[in-house]
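Open the model in your viewer and keep the sequence beside it. The stops below say what to select and what is there.

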Amino acid sequence: MKEQKLFKKIVSQNNEYERTPVPSDQLKSGKSFLGMYAGEHTAGTEFVIGPLFVAHGVSAGDLMIGLLIGNLLAVLSWGFLTGPIATSKRMTLYYQLERITGKSVVNLYNLINALMFCFLAGSMIAVSATAVGIPFDLAMPTLTDWYPKTPGWIVAVIIMGAIITLIAIRGYSQVAKFANVMAPWMILIFISAAFAALPQLGVHSWDEFWVAANEVIWTGVPLAGMSKFSVWHIIFFCWFCNMAMHIGMSDLTILRYAKSWKYGFFSFAGMYIGHFVAWIASGILYAVFLQTNANSQEFAPGPIAYQAAGVAGAVCVVVAGWTTANPTIYRAGLALQGIFPKTKTWKITAIVGGITSLAACFPALVMKLLDFVALYGLVLMPMGAVIFADFYFADKFGFQQEQALNNKKNFTWPALVAWLSTLLCCYLMNYFYGLDIYFLGLPGWFIAVLLFVIFSKIKFPTTKAKLA
């Protein structure tokens, strides 16, 4: 797809403008970002997240309101937080962080980022394995499973992981082309399968849909062993499931190519196609599965899609999981290569693939995907707050901007201590006050900004630098 050229360019060409601002003749039009966001956020995870909302017993009204508000907040975060800094600095997240806190802290950030990518890719390999196992009558994991139950499941996951890793070793560009071609088809499968399944729930009109939505699909009653979700869970999950990308500033790397800071708002395409339509569609498919299988505890996207859309549904799950896992493994490899630059790329990718495949054997990665996605964003968020504070508050509060660069240091402590202290505060809020992980990102962001400003004011005050 022509619209996807930006994404392919960024992930398939290493070291391009990694340490320099993107030149003006390389900036991209708005169409590039519109297509990229639409394709990027309609992936294998959507086959898991929508059904998990059903399993967590959210009501239909809470779901719709939560999706509308939460996705809007995510779009505004991309537009007002990430876009202006990206188009002003035009640098990658990693180099921007290095200028603030030094190479050694960035290496730690890369290591954690790579591990998170491995676990996310692992969950997608497991999703694909649920579809691959259908013809072999493979015993599927249930909602409460954390560990592999059968040798057949382990074999299926390892084979899928090996294939995906081998393809990743050969390079990402061909997979990117394939994923870009398949993205519109996957969206159509999501929507058409949901429409095809609705008559099984007794739905033949809009009025009947809303009745079925409340009484059969999003009933407000969680399945056994699952916690209850309210509208606030949906709002904050929608807002923060990509927190690493917008508030965490990972998409500085993408939006640095934008001609205008307003292109961050084009994320609405991904939010309202992938995180609205696709989540609703996959929730409908899961409700049909539960009705047909007497509220089974089995939770496997492959059989769920196969039951509603036949072979096309199962193939869609394989492709969605694969095309999500492959670039994620690739990104994990790039993050690790930043730490071990002398190691060959294929060796790094093979190691990442091995870790990912091993992790994929544990169904907990799928069953706890909502928690993991929230944790992923929370862990990386404080560094986005550091970049925000460095950009907007350095002059206002009197501390040096880009401290490591201006003082020629490989390590400065304000960002690292703010990062770790913020995570400790979030942990304490969760432990002592029971604040759910989905809600920790908001107070955590303010804590990170405040701590970084205070620490920077102590260690790198502007007045002190002038006196020196």
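**Stop one: a histidine in a loop**

Select His41 and show what surrounds it: apart from neighbours within four places in sequence, His41 is in contact with Glu46, Trp78, Asn242, Gly270, Met271, Gly274 and His275. Bear in mind that this is a predicted model. His41 sits in the loop that runs between helix 2 (30–40) and helix 3 (46–55). Is His41 buried or exposed? Its relative accessible area is 7%, so His41 is buried, since the cut-off for buried is under 20%.

**Stop two: helix 10**

Next, select residues 231–240, which form helix 10. How many of its 10 residues are buried? The count is 9, and the helix is mostly covered. Among the buried ones are His233, Cys238 and Trp239, along with Phe236, Phe237 and Phe240.

**Stop three: the cysteines**

Now colour the cysteine sulfurs. A disulfide is a covalent bond between the sulfur atoms of two cysteines. The structure holds 0 disulfides. Select Cys241: the nearest cysteine sulfur belongs to Cys238 and is 6.3 Å away, whereas a disulfide needs the pair of sulfur atoms within 2.5 Å, so Cys241 is in no disulfide. Cys241 is buried, with 9% relative accessibility.

Finish at Cys361, which is also in no disulfide. Its nearest cysteine sulfur, on Cys118, is 14 Å away. Cys361 counts as buried at 6% relative accessibility.

Note on methods: Residues are numbered from 1 along each chain as its sequence is written. This is a predicted model: local features need pLDDT of at least 70, side-chain atom pairs count only at pLDDT 80 or more; totals for chains, interfaces and linings use all residues. Side-chain values use heavy atoms; hydrogens and water are left out. Helices (H or I, at least four residues) and strands (E, at least two) are DSSP runs, numbered from the N terminus. Buried means under 20% relative accessible area, exposed over 50%, partly exposed in between (1.4 Å probe, protein chains only). Contact means heavy atoms within 4.5 Å.
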